[in-house]
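Work through the exercises below with the sequence and the structure in view, and try each task before reading its solution.

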Amino acid sequence: MNSAIFILIGTFLIAFYLGVRARKGQEMQLEEWAVGGRNFGPIIMFVLMAGEIFTTYVFLGGSGGAYRMGGPIIYIFNAFCYIVPFWILPPIWRYAKEHRVLTQSDFFSKKYDSKPLGLLVAIVGVVSMIPYIVLQLKGLKIIVSEASYGVISPNLAVCIGVVAVTIFVSLSGIHGSASTAILKDILLLVVILFLGIYLPYHYHGGIKPMFETLDAAKPEFLLMPKEGYSISWYISTCITIGLGQYMWPQCFGASLSSKDERTLRKNAAILPLYQIVLVFILFIGFTALLQIPNLQGANTDLALFKIAKATFDPWVVGVIGAAGILTALVPCSMLLLTASTILSKNIYKAIKPDTTNEQIGRITRIFVPVVALIALFFTFYGGDSIIALLIMAYSFVLQLFPPLFCSLWKKNPINKAGASAGIIAGVITVAYVTLTSATMGTFFPQAPQPIKDLDVGIAALIVNIVLMFTVSTITHMIQKNPQIDKESNFKKTV
């Protein structure tokens, strides 16, 4: 048994201990369990929100994307992701505190005075989060397999990880997620900064020589192409991600745990500094491309571990793997917590409205292992199509942004009928586009190339907005002039 395995096991045990211990001194009523009593300060909010953004998708996909895509990978430096929450999260938090809102679904239900709309948002949220959990678990399998040099069974590791996360989420709620997020952020920063600086200097004598070597070996690799991953693709992708990031129910729910509005704004202003770390992730991917040039397809996501194993002793690889494990466990914990809360409070209670808050609290904890088992099933039997499902899920939650944004206006021009119609139309469009592999070029074959390269999620968003305003306008007219409705019914009768 090599030293990497001891480090992996040790880090896992520390994370589990911190997650369970976090409940100490806390009365785990539902509000405390789900949103920390709305009492988290700037530091905890920073690591908690970063924990939801910097997942295995960034840890493996960031370096893999640099290896595979080249210049267009800069889409991950998307400051728009923090401009949007700077303005929308404070009024959301204020409304949530006043009305004791715990979930995204609660917010929509209260704002639009519509339980069916709340139920629709809950279903969209849960359906979207399952593939996101599965993606973290699939990433965990890759990390454990690579970091242990194949000694630890990845399937066994995933099972143990799911059991551990289920236990500390059930016991400690969001406090457990926050405690493990602190450990994750410290370890992740150390690992990425070290690799991003050491590897270019080790192989090329510096960062500048690394770029010069890369430019000589692959001319124009670092430029935006004229087709495909072009400038229009980049801009539309940044818009899609920026608007959709905080529509994920776990990100939305985590923001409600802040102690005040100022903390949320401060967090949105500081979080972009975290993206400096992403620069070093790209350096890792570029160095790996030059040293291990033959990775293809999904294997490009192994770039970080391939270059690390070719360069370092097993104990260093073990530390890298330990950081990777935490990038899977921390987001999983928040996803499980949020999905369980939505299932109990917004779906179960919608079916059985006489359920008391105490019963909801117990049912929520029961749903934690249920969601975990569903995710575990798809991890083992869902196939590689889960990546396509994740892309579809991201576009699903994006459809919640238009009605949420309009609800923050002083006079909301959208009603519950328009909001529901827009979300449903947007979701159907996303499903069609994903299942048929359609692109903007499919819809507009004669359009200029910049239009063809647009992220197809923009099409679903446009359909959503148009129908949302159309239905709202028509229903407002009917409400203001009931005679229209009466005449319509009379004609139908005749």
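**Exercise 1.** Is Trp 409 buried, partly exposed or exposed?

*Solution.* The model is a predicted one. Buried requires a relative accessible area under 20% and exposed one over 50%, with partly exposed in between. Trp 409 has a relative accessibility of 38%, so this residue counts as partly exposed. Phe 405, with a relative accessible area of 36%, is likewise partly exposed.

**Exercise 2.** Determine how the rings of Phe 211 and Phe 286 are arranged, and which parts of the chain they tie together.

*Solution.* The count of aromatic pairs comes to 20. For the pair Phe 211 and Phe 286, the ring centres are 5.8 Å apart and the planes meet at 65°, so the pair is edge-to-face, given that planes over 60 degrees apart count as such. Next, locate the residues: Phe 211 belongs to helix H10 (residues 207-217) and Phe 286 to helix H14 (residues 276-291), so the pair ties together parts that are 75 residues apart in sequence. Finally, consider accessibility: Phe 286 is buried at 4% relative accessible area, whereas Phe 211 is partly exposed at 27%.

**Exercise 3.** Which residues form one aromatic cluster with Tyr 95, and which charged end sits over the ring of Tyr 95?

*Solution.* The cluster consists of Tyr 95, Phe 107, Phe 108, Tyr 112 and Phe 252. Over the ring of Tyr 95 sits the charged end of Lys 111, 4.5 Å from the ring centre.

Definitions and conventions:
Residues numbered from 1 in each chain as written. Predicted model: local features only at pLDDT ≥ 70, side-chain atom pairs only at ≥ 80, totals over all residues. Heavy atoms only, no water. Phe/Tyr/Trp six-rings, centres within 6.5 Å; stacked < 30°, edge-to-face > 60°. Helix = DSSP H or I, 4+ residues; strand = E, 2+ residues; numbered from the N terminus. Buried < 20%, exposed > 50% of the residue type's maximum accessible area, 1.4 Å probe, protein only. Lys NZ or Arg CZ within 6 Å of the ring centre and 35° of its normal.
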